[in-house]
Amino acid sequence: MFKRYLFLLISFLPVFSSFAQNTQYIESDSVFTVALPPGYLLPFQEEEAYLTAAEIEEEAVSRMLKFDTTSAFNLEQIDYNSSFIPSVSDEVIQDRLAKIENGIELNYHQRVRLFIDFFSVRKREFTLRMMAKKNIYFPLYEKKLAEHGLPDELKYLSIIESALDPKAVSVARAVGLWQFMYYTGKMYGLSVSSTVDERRDPEQATEAACKHLKYLYGRFNDWELAIAAYNCGEGNVKKAQRRTGKVKFWDIYERLPRETRSYLPQFVAMMYVMEYADDHNLIQDKPYYAIPKETIYVNQSIDLKKLADELMVCEDDLLALNPKFKYNYVPAGVKNYPINIPAARLSLYLDKQTNILAKVKATAPPKPVYASRSGSGSISKEGKYYYTVRRGDVLGSIAQRNGVGLSQLRAWNNIYSNKIYPGQKLVIYGKGSNPPKVTASNTTQRNTTTTSSNVTASLPKGKVHVVKEGDTLWGISNLYKGLTVEKIKELNNLKTSRLKVGQRLKLG
């Protein structure tokens with residue numbers, strides 16, 4: 001009897017297999033279970049290799065686009081409520097990319113396919129949110145790009161940069177829709193103060209992004225390379241070219257920084273998915289639109305929340321129109337400073353301008369609070385405190401955020417280069433504290449070469465220094481009177497200046 005059932009089962013297997021391959025979805029209690037054809041979303045030959053690559057790429061996506069992910073894809077086992085997800089072949093995608101290619105080369109690659117599947121299957125909700133928000137910013141992008149003679153497709157880059165969030169801040173402290181670092185933004189006229197960050201202003205940041213992209217294209221005469229350089233910097237792209245002896249993006253791919261290797265494929269994938277959203281059953285019927293606005297100019301401090309009340313508009317709407325103000329107020333001492341208000345309230349403002357301005361003056365602007373990036377809450381500028389370095393931090397931005405000079409920060413922490421390390425604690429002296437004074441004589445003493453007899457006389461006999469994270473030979477030499485870098489090397493038979501945490505150095 002068992003053999004008979006086994007024979008029947010084997011006989012019907014080809015029928016079941018054929019049925020499964022031809023079935024796109026099965027409806028059951030209003031839940032659509034995707035039945036993907038064999039090999040769908042598996043661009044690699046071995047599943048194990050595919051999952052490993054997926055984990056690598058997904059980490060980059062989660063860091064850049066700020067959504068939660070798991071360790072591997074398992075798409076064949078996922079149920080999607082009320083969502084039929086079409087199966088699309090590589091050939092169809094390649095043909096579609098060729099059709100939308102305009103000013104930017106859209107090369108098909110397995111990494112591009114990986115992110116197309118990521119945005120159209122795994123992260124459909126994220127893509128739908130971007131489809132809803134694009135109407136807020138894309139008209140501005142299209143206008144600015146056209147003014148600068150740049151390809152319209154570059155508007156999709158902002159999705160990969162910031163997920164269309166003007167207040168987005170990366171781990172490396174890049175800010176805004178176009179994720180400008182402090183010094184790059186300053187180079188393009190974006191000022192940053194304790195109260196205003198123009199990198200968060202959509203119009204100003206988009207203007208700066210257009211100029212920067214135009215500059216990068218001028219350097220490489222290749223949009224794939226210019227886009228890669230926007231992510232990792234012009235120098236890293238040129239370094240990859242030197243190391244490989246090649247020029248094109250996919251030829252230098254392996255030598256680019258890890259995040260940049262995902263950056264261009266994400267851009268191409270997002271452009272494709274947004275352009276062919278309907279073909280992937282991505283339908284957004286509740287889009288957002290930009291609030292029509294007018295600009296007024298003021299010469300006093302303004303509390304934006306009070307202004308919203310006086311104009312009888314939604315507070316969130318007014319704040320959304322002015323994202324560059326860090327604490328929702330216009331600082332005092334400004335002259336002809338622009339503020340955006342809903343266009344529908346311009347006549348009300350003009351009719352009652354004097355009365356409104358008298359009522360909305362910021363009487364007690366909020367006191368800036370400097371966030372502790374070590375996760376321990378907030379740090380006040382008052383007194384002595386410690387800052388824990390995180391990956392992506394640089395000394396200049398740390399000093400700027402904490403309102404101290406770069407030279408002061410270096411002197412307080414015995415740092416004589418630009419090297420800092422994640423987890424390193426930096427002491428900072430704020431108001432009300434008594435920081436050690438750094439005098440010219442101290443600086444001169446560090447640079448003065450002493451004779452061997454004087455050095456020997458002042459060396460701490462038998463003393464050993466245990467290397468801590470962030471230590472350098474130069475810094476250690478300045479901790480002990482009369483000790484030089486050369487003497488430390490001589491005492492410890494060091495051929496280079498490299499140190500290891502926990503290493504014991506003889507000092508005499």
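User: Let's start with Ser262: which helix does it lie in, and is it buried or exposed?
Analyst: This is a predicted model, and in it Ser262 lies in helix H12, residues 258–275. Its relative accessible area is 2%. Buried means under 20%, so Ser262 counts as buried.

User: How far apart are the C-alpha atoms of Ser262 and Ala228?
Analyst: Along the chain, Ser262 and Ala228 are 34 residues apart. Ala228 is one of the H9 residues that meet H10.

User: OK, on to H9 and H10. Are they parallel, perpendicular or oblique to each other?
Analyst: Two packed helices are described by the angle between their axes and the distance between the axes. Here the axes of H9 (residues 223–232) and H10 (residues 234–244) come within 6 Å and cross at roughly 120°. The roughly perpendicular range is 65 to 115 degrees and roughly antiparallel means over 145, so H9 and H10 are oblique.

User: What sort of residues make up the contact of H9 with H10?
Analyst: From H9 you get Leu225, Ala228, Ala229 and Cys232, and they meet Glu234, Asn236, Val237 and Gln241 in H10. Sorted by type, the residues of this contact are five nonpolar, two polar and one charged.

User: How are the buried residues of H10 arranged around its axis?
Analyst: The buried residues of H10 are Glu234, Val237, Ala240 and Gln241. Seen down the helix axis, these buried residues fall within an arc of 130°, so they line one face of H10. An α-helix has 3.6 residues a turn, so residues three or four places apart point the same way. As for the arrangement you asked about, it is one face, within an arc of 130°.

User: Which helices do those buried residues of H10 pack against, and which residues are exposed on the other side?
Analyst: The buried residues of H10 pack against H8 (202–220), H9 and H11 (249–252). On the other side of H10, the exposed residues are Arg242 and Arg243.

User: What residue follows H10, and what is its phi?
Analyst: H10 spans residues 234–244, and Gly245 follows. The phi of Gly245 is positive, near 75°.

User: Where is Met312, and is it buried or exposed?
Analyst: Met312 is found in the loop between H13 (304–311) and H14 (315–321). Its phi is positive, about 55°, although Met312 is not a glycine. At 59% relative accessibility, Met312 counts as exposed.

User: And Ala163, is that buried or exposed?
Analyst: Ala163 also has a positive phi, near 55°, in a residue other than glycine. Ala163 lies in the loop between H6 (157–162) and H7 (182–187). With 13% relative accessibility, Ala163 counts as buried.

User: What is Leu106 in contact with, leaving aside its neighbours within four places in sequence?
Analyst: Leu106 has its place in the loop between H3 (90–100) and H4 (110–122), and at 5% relative accessibility it counts as buried. The C-alpha atoms of Leu106 and Pro265, 159 residues apart along the chain, are separated by 9.3 Å. The contacts of Leu106 are Leu97, Ile100, Glu101, Val268 and Met271.

User: Last one, on the strands: in S11, which residue is the bridge partner of Thr388?
Analyst: Strands S10 (residues 384–388) and S11 pair in the antiparallel sense over five bridges. Four of the five residues of S11 (residues 425–429) are buried, so S11 is largely enclosed by the rest of the structure. In S11, the bridge partner of Thr388 is Lys425.

Technical notes: Residues numbered from 1 in each chain as written. Predicted model: local features only at pLDDT ≥ 70, side-chain atom pairs only at ≥ 80, totals over all residues. Heavy atoms only, no water. Axes fitted to C-alpha atoms, helices over the stretch in contact; angles between N-to-C directions. Helix = DSSP H or I, 4+ residues; strand = E, 2+ residues; numbered from the N terminus. Parallel < 35°, antiparallel > 145°, perpendicular 65-115°, else oblique. Contact = heavy atoms within 4.5 Å. Nonpolar A, V, L, I, M, F, W, Y, C, P; charged D, E, K, R; others polar. Buried < 20%, exposed > 50% of the residue type's maximum accessible area, 1.4 Å probe, protein only. Pairing = 2+ DSSP bridges. Arc of directions from axis to C-beta.
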